[in-house]
Amino acid sequence: MTHTCQALIIHCIDFRLQRPIKKYLGDQMLLGNCDIVSIAGGVKNLDFVLEQVAISKRLHDIKQVILVNHTDCGAYGGRRAFPSERNELKYYEDELRKAKKEILKNFPELEIKT
């Protein structure tokens, strides 16, 4: 393996996330030391997420996966798709937990942050 990096971050394509994600990666000393995957809906397409984790692990020997979803996500139907803000937050938290569980089932050696 000739190229390695610390982490893989998977987040939604929404342009509103670009600055906060870049700041987070900088604060965590991961800017320039992580693979970045932008997918509509973040972890919504779990099969695709798992494929990306496998590729990043195989090619760059990542140690950590960072999963990001956000409220008012159009890929999930936006804020209007939920009866309340609390329901929306719980739904996204559940999606992140489900993705974390699946990744750990396939890659137990990885650290997963949500």
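How many helices and strands are there in the protein? There are three helices and four strands, where helices (H or I, at least four residues) and strands (E, at least two) are DSSP runs numbered from the N terminus. This is a predicted model, in which local features need pLDDT of at least 70 and side-chain atom pairs count only at pLDDT 80 or more, while totals for chains, interfaces and linings use all residues. Residues are numbered from 1 along each chain as its sequence is written, and side-chain values use heavy atoms, with hydrogens and water left out.

**Overall form**

- Along the sequence the pattern is β-α-β-α-β-α-β.
- The C-alpha trace spans about 50 × 30 × 20 Å along its principal axes.
- Of contacts (heavy atoms within 4.5 Å) between residues at least 6 apart in sequence, 75% join residues at least 24 apart.

- The four strands form an open sheet with parallel pairing, in the order 2-1-3-4; two strands pair if DSSP finds at least two bridges between them.
- Strand 2 (34-38) and strand 4 (111-113) are the edge strands, each pairing on one side only.
- On average, neighbouring strands of this sheet are turned by 15° against each other, direction ignored.
- Strand 1 (residues 7-11) runs parallel to strand 2 and is joined to it by five bridges.
- Leu 8 has Asp 35 of strand 2 as its bridge partner, and His 11 stands opposite Ser 38 in strand 2.
- The β-α-β crossover from strand 1 through helix 1 to strand 2 is right-handed: with the strands pointing away from the viewer, the path from the first strand over the helix to the second runs clockwise.

**Helices on the sheet**

- Helix 1 (residues 18-27) lies across strand 1, strand 2, strand 3 (64-67) and strand 4, at about 160° to strand 1. Axes are lines fitted to C-alpha atoms, for helices over the stretch in contact, and angles run from 0 to 180 degrees between N-to-C directions.
- Helix 3 (residues 85-106) lies across strand 3 and strand 4, at about 160° to strand 3.

**Core and burial**

- Buried residues (under 20% relative accessible area; exposed is over 50%, partly exposed in between; 1.4 Å probe, protein chains only) make up 40% of the 114 residues.
- The largest nonpolar core has 32 residues, and Ile 10, Val 49, Val 53, Val 65, Leu 67, Ile 103 and Leu 110 have the most contacts inside it. Such a core is a set of buried Ala, Val, Leu, Ile, Met, Phe, Trp, Tyr and Cys residues joined through side-chain atoms within 4.5 Å.
- Strand 1, helix 1, strand 2, helix 2 (46-60), strand 3 and helix 3 each give two or more residues to this core.
- Leaving aside neighbours within four places in sequence, Ile 103 contacts Val 49, Leu 50, Val 53, Val 65, Leu 67, Leu 110 and Ile 112.

**Individual residues**

- Lys 101, in helix 3, counts as exposed because its relative accessibility is 64%.
- Asp 61 lies in the loop between helix 2 and strand 3, has a positive phi near 50°, and is partly exposed at 24% relative accessible area.
- Asp 72 lies in the loop between strand 3 and helix 3, has a positive phi near 55°, and is partly exposed at 27%.
- Most residues other than glycine have a negative phi.
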